[in-house]
Amino acid sequence: MTGSGLRSGQLADAAGVNQQTLRYYERRGLLASPQRSPGGHRLYPAESVTLLRVIKTAQRLGFTLNEVADLLDAGRRQHGGRPDSGLQARAREKLIEVEQKLADLTVIRDTLRAAISAGCDDLVACAGSSCCPLPFAELVERNRRADTC
């Protein structure tokens, strides 16, 4: 670290990202444009390490960069203001989304387990079998009924 900030490489190393990520986040407005040293090197404030770690943690929690940007903006605009635009509301929404994905994944897991147990070995042959647990067997039957009606 220099007296007035961290160079790009230092910041990237400290935050666990690469330098291209820093520049990308700058273009997206997630990270403020840094000051420049007399030699033209980018110099970031030490707080940028925390900000980058917050961004990466939010991404690991499932937030998109657009959602992260919104959360950061909401946090900058208000503390203790409208609860419907802050982290609490967004975290609740994300939790609902994650729980739905988990439910979907549970159905997929159970269906795949049933296909393995049923000995499904050929998708085309299995699609025509009434004992196939894969969802397309139901679709084939619906199509057959529709064709005969």
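User: What is the N to O distance where the side chains of Lys101 and Glu97 meet in a salt bridge?

Analyst: Quick heads-up: this is a predicted model, where local features need pLDDT of at least 70 and side-chain atom pairs count only at pLDDT 80 or more, while totals for chains, interfaces and linings use all residues. Residues are numbered from 1 along each chain as its sequence is written, and side-chain values use heavy atoms, with hydrogens and water left out. A salt bridge here puts a side-chain nitrogen of Lys or Arg within 4 Å of a carboxyl oxygen of Asp or Glu. For Lys101 and Glu97, the N to O value is 3.5 Å.

User: Which helix holds both Lys101 and Glu97?

Analyst: These two sit four residues apart, about one turn of the helix. Helices are DSSP runs of H or I with at least four residues, strands are runs of E with at least two, and both are numbered from the N terminus. The one holding Lys101 and Glu97 is helix α5.

User: Which residue is linked with Lys94, Glu97 and Lys101 in a network of salt bridges?

Analyst: Opposite charges on side chains can pair when the charged atoms come close. Here four residues are linked up, among them Lys94, Glu97 and Lys101.

User: How far apart are the closest N and O atoms of Arg109 and Asp110?

Analyst: Arg109 is partly exposed at 39%, and Asp110 is partly exposed too, at 37%. Their salt bridge has its closest N and O atoms apart by 3.0 Å.

User: How many salt bridges does a search of the whole structure find?

Analyst: The Glu97 and Lys94 pair is a salt bridge, and so is Arg109 with Asp110. Searching the whole structure, the number found is five.

Notes
Buried means under 20% relative accessible area, exposed over 50%, partly exposed in between (1.4 Å probe, protein chains only).
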